[in-house]
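Thank you all for coming.

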Amino acid sequence: MKNQSLWTVVLVVFFSLCSLQAAVAGGGYKVGDHARDFSLKSVDGSMVSFESYPDAKGFIVVFTCNHCPYAVAYEDRIIDLHKKFALKGYPVIAINPNDTNAVPDDSYANMITRSQKKGFPFAYLIDPTQDIATAYGATRTPHVFLVQKQNGAFVVRYIGAIDDNAEDAIAAKHHYVEDAIAALESGAEPNPTMVKAVGCTIKWAKK
């Protein structure tokens with residue numbers, strides 16, 4: 001009886017762990033989900049949220065950072081996205097999700113330095129608890145979530161990469177974020193709605 005009880009406990013723990021892993025793997029938003037708003041500190045010291053942009057039609061939420069070579073390679077393209085689409089109602093909101101204890105290069109002070117050096121025209125926010133990255137399901141830097149404002153809600157319309165060439169912007173053939181916004185502006189559905197993000201994995205804090 002003792003052995004049987006022990007096996008029962010082992011099986012319960014095993015299946016609980018499997019369920020937890022499945023939940024983590026399947027976490028985050030899917031296209032069509034309502035995204036949560038947030039209030040995160042920007043490099044200018046202000047607290048920024050979706051509500052900070054009352055006239056916006058939507059947002060290009062980009063999880064990115066200072067140190068990742070992929071994030072650095074995409075910085076100019078992220079700047080261009082903001083310059084092209086902010087006036088059309090889709091500003092960029094960049095969020096650094098990395099644990100700064102694990103990656104000191106991604107500290108808030110270094111975010112300020114990087115923003116000033118590159119002249120970021122968009123809000124660059126820090127996610128110190130990583131709650132927003134977790135809620136959204138971000139896994140890499142950069143990782144884009146295109147959100148559209150609909151009847152007071154924030155609906156995820158596209159998730160994934162900025163384009164199809166991390167190494168060379170000029171050689172990119174598919175500009176996923178631009179094409180998704182163009183589709184929304186014409187009243188159509190983005191196609192594709194999801195593309196695998198290419199970049200460095202997010203550095204999560206040890207629990």
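This is a predicted model: local features need pLDDT of at least 70, side-chain atom pairs count only at pLDDT 80 or more; totals for chains, interfaces and linings use all residues.

Residues are numbered from 1 along each chain as its sequence is written, and side-chain values use heavy atoms, with hydrogens and water left out.

A search of the whole structure finds 1 disulfide, the term being used for a pair of cysteine sulfur atoms within 2.5 Å. The partners are Cys-68 and Cys-200, whose sulfur atoms lie 2.2 Å apart. Because Cys-68 sits in the loop between S3 and H2 and Cys-200 in strand S9 (residues 200-201), the pair ties together parts that are 132 residues apart in sequence. Helices (H or I, at least four residues) and strands (E, at least two) are DSSP runs, numbered from the N terminus. The torsion about the S-S bond of Cys-68 and Cys-200 is about 90°, so this disulfide is right-handed. Cys-68 counts as buried at 0% relative accessibility, and Cys-200 does too at 15%, where buried means under 20% relative accessible area, exposed over 50%, and partly exposed in between (1.4 Å probe, protein chains only).

Turning to the interior, a nonpolar core here is a set of buried Ala, Val, Leu, Ile, Met, Phe, Trp, Tyr and Cys residues joined through side-chain atoms within 4.5 Å. The largest such core has 27 residues, of which Ile-60, Leu-146 and Val-177 touch the most other members. A second, separate core of 24 residues includes Ala-35, Phe-145, Val-147 and Phe-154.

In H5, the buried residues are Tyr-176, Val-177, Ala-180, Ile-181, Ala-183 and Leu-184. They lie on the same side of H5, because they cover an arc of only 155° around the axis, taken from the directions from the helix axis to the C-beta atoms. The buried residues of H5 pack against S3, H2, S7 and strand S8 (153-160), contact meaning heavy atoms within 4.5 Å. Just after H5, Gly-187 takes a positive phi of about 85°.

Lastly, Gly-137 lies in the loop between helix H4 (131-136) and strand S6 (140-141). Its contacts, leaving aside neighbours within four places in sequence, are Gly-27, Gly-28, Tyr-29, His-143 and Phe-145.
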